[in-house]
Amino acid sequence: HIIGKSGGHYFWTTKLKGNKLTRFPFNYFIWQGLDGSQILSSITSGGWGPLMETAKHRYGIRNFRFPKNGNSIYNYQTSVEDYLDSLSEILNPVNIVPYGKGDGGHGPWESEIVEVLLAIQSQPSNYKMSTSQQYFEDLATLQTNLAIWADELYFEYHRGTYTSLSALKHLNRRNEIALLVAEECASMASLQGLEYPINRFNIAWKLLLFNQFHDILAGTSIPEVYDTTFIEEQQIAEITADIIEKSLQYLYKIPHLTHKITENLPFFVMNPLPHPIEQYIQYPLNQIQLNASVENDFHLVNSQGVQSPLAILKKGDQQFACFSVQIPPSTSNFYKIEKGKSIDVNSSLVSFESDDHSLIFIQNSVIKIGVHKTTGALKSLILTESNIEFIKDQGFTLRVYQDRFLKEPAWNIDPK
């Protein structure tokens, strides 16, 4: 569906012939998407030397057979017996034989060119120099004879991508999330009149997607690649941070959004995500020029006048207002901190020690959790209302295992 929508007519891959356990049943087929869209597809059956005899021996001559009934539908639920019974003895006469050493940076080898020319001279009716475009055009003339594969194309190898450069993978994921957040912020600001920075987004997205090439993220490129990659990841981070800051500053200054907030330098909280969030926030009190000395001297109030409790956290000479806010999806709110205890607010969060003083329990109206005072391990989790204990004595623990890879450690998860 995506290939068709993007203007593509053909799909060609070599990967599925490298399946670790299951041989994919067809070298030529019509790939059908969930919406019924179809695209002519081919799996490279083998390379040069000695031509297709090697391919037929390695991958099985049945992969070259047409179904008895053209355009028969297959998927991963099709049994081996039904698949074998459905094949005719007619072989597809159109095959492509690529040559050249590509994975090491080489092109065609001289010996291969000599073999190709000799084959064409000796069997001009069987071989000709051509292109992948011509190959698919010839294959399309046989399209009514091909099988239809109505399922995903699952590659039974490289099931997990680790990396030898975890810092780069971390940067990539952070930038991916930051770009989505930046788009949300910029979109909301553009609805209020700020110009949408489309050119800057194009630059950032192209840099991000280019650096998601699998050899880069897997840490298997040459060292010079990463001299550039880390610089470009930093550029993406700077672009997204600047877009987010300018968008929020613009929204912050819109009068009709701030009509109820006029004192104590209000601050702005936004949820750009497509789902509601409850976010814990530490806000530096020195930025609003308050002298907080007693925990309950202050409370929080939003632009709708709803009050919430807060606590004061001291870190050295700094003081922070600590509170939790609930923000619906794709919305924002303004808050300010006022002196005085909150009105009609009853925080249900309580904490206490176990009888033997080994655990600290934290409880609200939903759950009660017990944490070991010395190790920090989660020892108990109880639903407050039903008093059902889901975790007792042994909660989540961190265990470290040594990975022993059979091959290509940055690409594969060893199923053993």
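1. Two strands pair if DSSP finds at least two bridges between them. That is the sense of "pair" in the points below. The model is predicted.

2. Start with strands S9 and S13. S13 covers residues 318-327, and its pairing with S9 is antiparallel, over eight bridges. The bridge partner of Pro284 in S13 is Phe320.

3. Now widen the view to the sheet. S9, S13 and S12 form an open sheet of three strands, in the order S9-S13-S12. The pairing is antiparallel. S9 (277-284) and S12 (311-315) are the edge strands, and each of them pairs on one side only. On average, neighbouring strands of this sheet are turned by 30 degrees against each other, direction ignored.

4. Next, strand S10. Is S10 largely enclosed or exposed? Buried means under 20% relative accessible area. Five of the five residues of S10 (residues 298-302) are buried, so this strand is largely enclosed by the rest of the structure.

5. Look at the two faces of S10. In a regular strand the side chains alternate between the two faces of the sheet. On one side of S10 are Phe298, Leu300 and Asn302.

6. Which strands pair with S10? One is S14 (residues 331-339), which pairs with S10 in the antiparallel sense over five bridges. Phe298 has Lys339 as its bridge partner in S14. Another is S11 (residues 307-309), also antiparallel to S10, over three bridges. Here Leu300 has Ser308 as its bridge partner.

7. S10 and S11 form a hairpin with four residues between the strands. In this hairpin, Gly305 takes a positive phi near 85 degrees.

8. Last, a helix residue. Thr229 lies in helix H9, which spans residues 223-252. Why does Thr229 count as buried? The cut-off is under 20% relative accessible area. Thr229 has 1% relative accessibility, so it counts as buried.

9. What does Thr229 touch? Leaving aside residues up to four places away in sequence, Thr229 touches Leu168, Asn211 and Ile216. With Asn211 there is also a polar contact: the side chains of Thr229 and Asn211 are joined at 3.2 Å.

Methods
Residues numbered from 1 in each chain as written. Predicted model: local features only at pLDDT ≥ 70, side-chain atom pairs only at ≥ 80, totals over all residues. Heavy atoms only, no water. Buried < 20%, exposed > 50% of the residue type's maximum accessible area, 1.4 Å probe, protein only. Polar contact = N/O pair within 3.5 Å; in protein donor to acceptor, adjacent residues only side chain to side chain. Contact = heavy atoms within 4.5 Å. Axes fitted to C-alpha atoms, helices over the stretch in contact; angles between N-to-C directions.
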